[in-house]
Amino acid sequence: MFQTLYSYFWWERLWLPANLTWADLEDRDGRVYAKASDLYITLPLAFLFLIVRHLFETYVATPLAGLLNVKEKVRLKATPNAVLEKFYAATTKHPKQADVELLSKKSGCTVRQVERWFRRRRNQDRPSLLKKFREASWRFTFYLIAFIAGMAVIVDKPWFYDLREVWKGYPIQSMLPSQYWYYMIELSFYWSLLFSIASDVKRKDFKEQIIHHVATIILISFSWIMHCTVFYPLDLYPAFFGYYFFNFMMVVLQSLHIFWAYLIIRMAQKFITGKVVEDERSDREETDNSEEEEEAAKNGPLSNGHPVLNNNHRKTD
């Protein structure tokens with residue numbers, strides 16, 4: 001059964017233009033062609049990227065954060081409460097009013113105390129400013145190096161100035177060592193992002209990030225044999241499955257880039273007009289505006305979530 005699925009997946013009519021076979025892409029006359037088996041190396045390289053990232057964030061990004069005076073915001077911690085913690089972990093982080101009232105009875109807390117507990121508990125799970133800074137530093141560093149390296153290896157190629165050169169001899173095109181390593185490193189990096197996405201900073205575009213990473217991995221992987229865009233291939237061959245499939249992936253990526261560009265433009269507009277600028281993709285920190293927090297600011301620190309008053313009596317809800 002596996003062999004049958006394998007044969008269907010690599011059916012030449014899916015991935016190659018008419019009248020071409022995989023045999024046409026075998027190495028010959030000293031020329032080396034891209035092969036699917038080349039991609040296996042990207043998985044161990046992805047784990048190597050995770051190690052390099054850890055070292056970078058620990059020994060480069062963290063000291064840099066200190067130099068730039070990146071400080072953590074002091075967060076009030078939720079008082080340990082087994083009933084509320086169980087509901088938070090197993091049901092939802094955002095209970096409805098009916099749930100709040102029920103939890104109030106079960107936990108022995110007032111409704112306002114339950115609401116405050118969930119606000120503080122959600123804040124505890126939000127990534128710290130240092131974590132955001134370290135992650136952003138790592139991505140910025142990689143993208144900058146990748147851009148410079150990419151320009152360095154392509155600027156002297158004829159297809160950098162004339163895109164029609166990309167299709168010269170397509171798809172029987174041999175590869176250069178610079179192409180090989182650029183593909184392998186880029187693909188390994190996006191594998192590492194996909195592997196670490198569960199532990200990275202969670203933003204509102206979490207699902208879009210997953211779609212982006214998967215679409216990018218598919219495009220990089222399959223463009224290692226294939227080069228599909230919209231118009232030029234049709235000058236050489238009739239459209240085939242690979243043409244439609246990869247152009248669909250390109251549309252997915254383009255749509256995500258337009259979405260992120262909109263968020264960036266909106267943040268830039270707020271910055272220009274003097275408004276407070278926040279990452280549109282991040283959840284806002286929740287604050288306590290209850291009377292108890294106001295009393296805490298006047299009368300001193302909190303004890304188990306309650307402000308201690310000057311007359312040594314605790315204010316109750």
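A: Here is a short chat about this structure, from overall make-up to single residues.

Q: Thanks! What kind of model is it, anyway?
A: It is a predicted model. The protein chain averages a pLDDT of 77, and 79% of the residues score at least 70.

Q: Good to know. How many helices and strands are there in the protein chain?
A: There are 11 helices and two strands. Going from the N terminus, the order is α-α-α-α-α-α-α-α-α-α-α-β-β.

Q: And how much of the chain is buried?
A: Of its 317 residues, 34% count as buried. The accessible surface comes to about 20,100 Å², and carbon and sulfur atoms account for 64% of that.

Q: What about contacts between residues at least 6 apart in sequence: what share joins residues at least 24 apart?
A: That share is 71% in the protein chain.

Q: Switching topic: what's in the largest nonpolar core?
A: It has 10 residues, including Phe87, Tyr88, Leu103, Trp117 and Phe118. Helix H4 (82-90), helix H5 (97-107) and helix H6 (111-125) are the elements that give two or more residues to this core.

Q: What does Trp117 touch there?
A: Setting aside residues up to four places away in sequence, Trp117 touches Ala78, Thr79, Asn81, Leu84, Glu85 and Tyr88. Ala78, Leu84 and Tyr88 belong to the core as well.

Q: Which residues does the second core include?
A: That one is separate and has nine residues, among them Ala61, Ala146, Phe189 and Tyr190.

Q: Let's zoom in on Thr42. Where is it, and is it buried or exposed?
A: Thr42 sits in helix H3. Thr42 counts as buried because its relative accessible area is 1%, under the 20% cut-off.

Q: What's around Thr42?
A: Its side chain reaches the backbone oxygen of Leu39 at 2.6 Å. Leaving aside neighbours within four places in sequence, Thr42 is in contact with Met184, Leu187, Ser188 and Trp191.

Q: How about Ala152, buried or exposed?
A: Ala152 is in helix H7 (residues 129-154). Ala152 counts as exposed because its relative accessible area is 53%, over the 50% cut-off.

Q: How far is Ala152 from Ser178?
A: Their C-alpha atoms are separated by 9.7 Å, while the two residues are 26 residues apart along the chain.

Q: One last thing: what is the phi of Asn69, and where does this residue sit?
A: Asn69 has a positive phi of about 60° although it is not a glycine. You'll find Asn69 in the loop between H3 and H4.

Terms used:
Residues are numbered from 1 along each chain as its sequence is written. This is a predicted model: local features need pLDDT of at least 70, side-chain atom pairs count only at pLDDT 80 or more; totals for chains, interfaces and linings use all residues. Side-chain values use heavy atoms; hydrogens and water are left out. A nonpolar core is a set of buried Ala, Val, Leu, Ile, Met, Phe, Trp, Tyr and Cys residues joined through side-chain atoms within 4.5 Å. Buried means under 20% relative accessible area, exposed over 50%, partly exposed in between (1.4 Å probe, protein chains only). Helices (H or I, at least four residues) and strands (E, at least two) are DSSP runs, numbered from the N terminus. Contact means heavy atoms within 4.5 Å. pLDDT is the predictor's confidence in each residue, from 0 to 100. A polar contact is a pair of N or O atoms within 3.5 Å; within protein, one must be able to donate a hydrogen and the other to accept it, and residues adjacent in sequence count only if both atoms are side-chain atoms. Accessible areas come from the Shrake-Rupley method with a 1.4 Å probe; for residues, only the protein chains shown count as cover.
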